[in-house]
Amino acid sequence: MHLVLKNVKKNFSEKEVLKGINFSFEKGKIYGLLGRNGAGKTTLFNCISEDIKADDGKITVEENGMERDINSADIGYVLSTPVVPEFLTAGEFLKFFLDINKPEKSNPQAMDEYFDLMKIAPEDRNKLMKDYSHGMKNKMQMLVNFIADPAILLLDEPLTSFDVVVADEMKQLLRSLKEEHIIIFSTHILELALDLCDEIVILNDGVLEGIEKEHLDNAELKEKIIAALRGDGDA
């Protein structure tokens, strides 16, 4: 399975944000999407998820030799600022989500097993989510996306709200999921991308450039990535 972007463009008034994105993302990999603040990473995610409409170009899924338009069921989107119904407890929210997703979930795990997966303590499961920290809300947002099990996961700065231990647990979980998914991981932290991702993709001046994983940890390649983020010509 591939997620294919062909000449995807997006303008806001006079500003060209995406200037013709061409790229193919492959199942079984975690892609690190790097770009400076304002480069258009969230805009790209919003176009892929169809939260906003691209001005031009095409976004498709290629599977079993066939190409089709992308649809909402293909996509899970973890926002950088988590959106959860704060008037519900975590348990109420999870039960509601499992109830409405029953047709897709033939054997849903017990709720406690899902909470255990995300390391949400028993004493926190019946708290109103309005009292949750940013990191706890992010855990719930990630959990429902994992349960929905879409083929493509868009993760917009998902680990920045976690402490070191939880971030490491989330990285292990993402690695365990990648074989059956396309995971695109937006971050501004180079070391995180180097540690977690199979491939690095730079969004700079409205276009995407892939950088191979080979020798990813050496200083020369780090310099190449930083040069690409700066927009230096030969990056």
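**View 1. Helix α4 against strands β6 and β7 of the predicted model.** Helix α4 lies across β6 and β7, and its direction makes an angle of about 175 degrees with β6. Lying across implies contact, that is, heavy atoms within 4.5 Å; axes are lines fitted to C-alpha atoms, for helices over the stretch in contact, with angles from 0 to 180 degrees between N-to-C directions. Helices (H or I, at least four residues) and strands (E, at least two) are DSSP runs numbered from the N terminus. The model is predicted: local features need pLDDT of at least 70, side-chain atom pairs count only at pLDDT 80 or more, and totals for chains, interfaces and linings use all residues. Residues are numbered from 1 along each chain as its sequence is written, and side-chain values use heavy atoms, with hydrogens and water left out.

**View 2. The open sheet.** Six strands are arranged in the order β6-β7-β8-β3-β9-β10, with mixed pairing (two strands pair if DSSP finds at least two bridges between them). Strands β6 (75-78) and β10 (207-211) form the edges, each pairing on one side only. Strands β7 (residues 152-156) and β8 (residues 182-187) run parallel and are joined by five bridges; L153 has I183 of β8 as its bridge partner.

**View 3. The largest nonpolar core.** Such a core is a set of buried (under 20% relative accessible area, 1.4 Å probe, protein chains only) Ala, Val, Leu, Ile, Met, Phe, Trp, Tyr and Cys residues joined through side-chain atoms within 4.5 Å. Among its 45 residues, M140 and F185 touch the most other members. Helix α4 (residues 134-148) contributes the largest share, seven residues.

Note on methods
Buried means under 20% relative accessible area, exposed over 50%, partly exposed in between (1.4 Å probe, protein chains only).
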